[in-house]
Amino acid sequence: MASSLIRTIETLPKGRLLWQLSNGGCLYARDLVAWHRFTHEAFACVEDQAMAIFADDHLEFVSLMLALDGRARRVLLLPSGQHVDRLRSLLQASGIESIVRLRNPGRREMLATTWIDAPSPAAFGRADDQLANTQDCQRDPSHTIETEWVIPTSGTTGEAKLANHTLASLTRTCKTDVTTGNQFRWGSLYSLGSFAGVQVFLQALLSASTLVITEDEQGFGERIKTLVRSGCNALSATASLWRMLLMSDQCDDFKLRQITLGGEICDQGLLDRLAQQFPEARVTQIYASTEAGVGFAVQDKLAGFPSSYLEHCPGGVRLAISEHDTLLISPNDAAIGQWIDSDDLVALQGDRVTFQGRRGGDINVGGKKVLPHIVEAALLSVDGIEMARAYAKQNAFSGQVVAAEVVTACEFVGDSEGIILSAMKACRRLLAPHQVPVAIDLVDSIPISPNGKTLR
């Protein structure tokens, strides 16, 4: 019996385009099935083993997920862009000793590595003799196991944690209509080793949509060009990355039909701008956590979510607000009374629940807590400011004070003094005195983490 992912691909029309590469290469359903059969024996060493995936490129990453699903007992997904010391700590915490990679004789590895003597699907190609050889390859063994997928949290406000999932829990909310799926070409600006990146990959695969695979090394601008050139019409990204896209010269070239946001607080101003820029697109805010899996989606183009979700949330999950004002979530496959604390601070405002920031991510100004999101919202209300970051600055008297950086639209670049003056006035008008930044710097860009979130 084939694994779940490859079985899905085997049911598709052979000519369905599934992966489009940044170099223009195309991989169809028949290519991936042939590659999976051709490399079956090469992956025998992972049978019932615990392994980790850490790849230099996204194509290798998704190829290894396809090959290990149903064969490896446990797989740790390591996001790209991580320091080797953090990778080692994640391996140690998971109890997994070796990462698995496709052969690359010229690559030197700093971590314990199991090399698989197999080409990538792109290098495998579809030569007639190779395709002929795959017809007689032994198929997957009948004792296909349920692989446990281990995904680290981002560790934005603390040490990263490891969350265990099955393929069923990861695909709980994925759409599987392959007829509708054929209309979409998905792009992702996430690391494919992150929970959000895995979600985009699985959604595209299970709905038989085309996934446009870009690479981190291309840089943001080049990745956007690749997505536009490939006809991407469905895109998933954080609020920070969407702001960067709106400032991009390529923004007007997108013909988006689906916009998905997740991973960060999305304010009303950004939602309004996306609706104006892409009037034909459906805008979906996804609330998910690595620990709980996908929670729920909101498609009304309003910040936060309806307070009615606290009584009845679509998708079967249960929501509540803790005594610490954090959002509690109970997945639909969890036991009654089993709640996961998201550590996301929320506020009930009329018929809406809005997100305020992360617990533990506040700035302590003389004992008074300041949520960076509140400061950033004030800064973003100023005409001409496209991105903002509030962060803690050490101070001898109060311990910490608030400082901020802003990025302006091109037409406001020459008026730095005016922008900063307007920003200060807005903060003094909208914020409490201890929340007002002591300094606002005009910068060319805001630092973004590998998982697409603003660095604090």
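## Thr147 and its surroundings

Setting aside neighbours within four places in sequence, Thr147 is in contact with Leu68, Asp69, Gly70, Arg71, Ala72, Arg73, Val75, His165, Thr166 and Leu167. These contacts come from a predicted model. Thr147 sits in the loop between helix H6 (128-134) and strand S7 (148-152).

Thr147 has a relative accessibility of 2% and therefore counts as buried, the cut-off being under 20%. Its side chain reaches the backbone oxygen of Ala72 at 2.8 Å, and Ala72 is also one of the contact residues of Thr147.

## Nonpolar cores

Leu68, a contact of Thr147, is among the residues with the most contacts inside the largest nonpolar core. That core has 55 residues, and the others listed with Leu68 are Ile9, Trp19, Phe43, Ile53, Leu77 and Phe201. Beyond four places in sequence, Leu68 is in contact with Phe43, Val46, Met51, Ile53, Val75, Val100 and Thr147.

A second, separate core has 25 residues, including Leu227, Leu256, Leu271 and Ala281.

## The second largest pocket

The second largest pocket holds about 750 Å³ of space. Its lining comprises 34 residues, and Met247, Glu386, Val407, Thr408 and Ala409 lie nearest the centre. Helices H10 (219-229), H11 (239-247), H12 (268-277) and H13 (372-380) each give two or more residues to this lining, as do strands S22 (385-395) and S23 (399-408).

By class, the lining has 17 nonpolar, nine polar and eight charged residues.

Terms used: Residues numbered from 1 in each chain as written. Predicted model: local features only at pLDDT ≥ 70, side-chain atom pairs only at ≥ 80, totals over all residues. Heavy atoms only, no water. Core = buried A, V, L, I, M, F, W, Y, C linked by side-chain atoms within 4.5 Å. Buried < 20%, exposed > 50% of the residue type's maximum accessible area, 1.4 Å probe, protein only. Contact = heavy atoms within 4.5 Å. Helix = DSSP H or I, 4+ residues; strand = E, 2+ residues; numbered from the N terminus. Polar contact = N/O pair within 3.5 Å; in protein donor to acceptor, adjacent residues only side chain to side chain. 1 Å grid on protein atoms, 1.4 Å probe; cavity = no way out; pocket = protein on both sides within 12 Å on 5 of 7 lines; lining within 4 Å. Points joined across faces, edges and corners; volume = space filled by probe spheres on them. Nonpolar A, V, L, I, M, F, W, Y, C, P; charged D, E, K, R; others polar.
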